[in-house]
Amino acid sequence: MGPLGGQRTTRSGEAWGHHLLEVRNLTRDYALPRESLLAPPAVLQALKGVSLQVTAGRSMGIVGESGSGKSTLARLVMALERPTSGQVLLEGRDLHALAPAELRRARRDFQMVFQDPYGSLDPRRPVWRTVAEPAAALEHASRALQRERAAAMLTAVGLRLDALDKYPHEFSGGQRQRIAIARALITQPRLIVADEAVSALDVSVQAQVLNLMADLRDAHGVTFLFISHDLAVVSHLCQDVAVMQGGRIVEHGPVRQVLGAPSHPYTRTLLAAVPEMVVPA
Ligand SMILES: Nc1ncnc2c1ncn2[C@@H]1O[C@H](COP(=O)(O)OP(=O)(O)O)[C@@H](O)[C@H]1O
Ligand SMILES: [Mg+2]
């Protein structure tokens with residue numbers, strides 16, 4: 001029995017309850033253009049000390065109005081950009097302290113899905129190459145093997161295999177988002193960061209893509225950091241939620257608790273914007 005012996009484990013074998021992702025006191029300043037040559041340099045504090053923990057198997061929603069720092073947080077968690085201060089630990093590894101080669105290897109474990117699948121899919125590449133690319137970048141698999149894996153991922157996201165040789169423009173928005181999810185899944189990540197991943201889709205298509213994500217969460221043990229300005233959408237997929245305002249987390253906890261009995265006035269304001277929302281029991 002290992003150090004985690006006796007605890008419940010997920011299907012992929014790791015213990016429930018450990019921190020898949022831990023964000024410690026993260027700040028990010030952006031330099032703003034000076035008002036005049038003599039003016040002191042102005043700084044915009046997009047993140048003002050954000051800390052959060054995501055437990056394996058418990059997806060977390062990040063909600064907050066536009067400009068509250070959600071996408072900045074996503075970029076730092078994905079190590080697409082460096083923090084001004086603070087740490088991002090993925091399974092205990094401090095991502096921003098890793099050497100480039102180590103970071104490249106670590107990228108297998110976390111993938112991102114963006115709002116605009118069209119912008120994130122290369123229009124000149126057939127779908128199979130786009131889907132296979134994150135894994136192909138990590139290892140030298142044969143073309144045939146890459147294609148085979150891409151086919152398996154397309155099936156997992158509910159697309160037909162004739163999608164393999166098509167191009168992004170041949171698909172609807174919802175289908176393109178499925179392709180982006182297949183691409184994210186190909187490295188068998190532990191964490192998927194989804195930044196407004198369904199916001200651009202029609203409501204009925206949103207529900208389909210959310211259901212797909214919930215299936216992947218349950219079948220593959222993927223944990224989501226799911227960013228949205230829409231509380232109703234978050235409540236479909238996530239067990240926990242953090243509410244951001246002005247670069248800070250102002251409230252966090254289980255979805256039922258935060259959305260059912262919000263303690264922060266800002267959360268109440270956000271909730272009031274979705275009067276028809278049903279909080280899961
Ligand atoms: N690269 C950047 N340069 C300057 N300011 C930025 C940059 N990225 C984000 N910001 C600013 O940081 C704040 C937070 O932005 P963002 O993280 O995109 O918020 P959200 O995703 O919640 O809408 C905003 O005021 C935005 O204008
Ligand atoms: Mg954003």
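Predicted model: local features only at pLDDT ≥ 70, side-chain atom pairs only at ≥ 80, totals over all residues.
Residues are numbered from 1 along each chain as its sequence is written, chains are lettered from A and ligands numbered from 1 in the order in which they are written, and side-chain values use heavy atoms, with hydrogens and water left out.

Side chains reach ligand 1 as well. A polar side-chain atom of Thr72 lies 2.6 Å from an oxygen atom of the ligand, and one of Arg75 lies 3.3 Å from a nitrogen atom of ligand 1. Taken alone, ligand 1 exposes 560 Å², and the protein buries 64% of that (accessible areas by the Shrake-Rupley method with a 1.4 Å probe).

The shell around ligand 1 (residues with a heavy atom within 4 Å) includes Tyr30, Leu44, Glu65 and Lys70. It divides into three nonpolar, six polar and three charged residues; here Ala, Val, Leu, Ile, Met, Phe, Trp, Tyr, Cys and Pro count as nonpolar, Asp, Glu, Lys and Arg as charged, and the others, Gly among them, as polar. The largest share of the shell, four residues, comes from helix H1. Helices (H or I, at least four residues) and strands (E, at least two) are DSSP runs, numbered from the N terminus.

Turning to the sheet, four strands form an open, antiparallel arrangement in the order S2-S1-S4-S5, where strands pair if DSSP finds at least two bridges between them. S2 and S5 stand at the edges with a single partner strand each, so one side of each is left without a neighbour in the sheet. Five bridges join S1 to S4, and Leu21 stands opposite Leu90 in S4.

Finally, helices H4 and H6 pack at an angle of about 35 degrees, with their axes 6 Å apart; axes are lines fitted to C-alpha atoms, for helices over the stretch in contact, and angles run from 0 to 180 degrees between N-to-C directions. In this contact (heavy atoms within 4.5 Å), residues of H4 including Val127 and Val131 meet Ile179, Ala182 and Arg183 in H6.

Methods
Polar contact = N/O pair within 3.5 Å; in protein donor to acceptor, adjacent residues only side chain to side chain.
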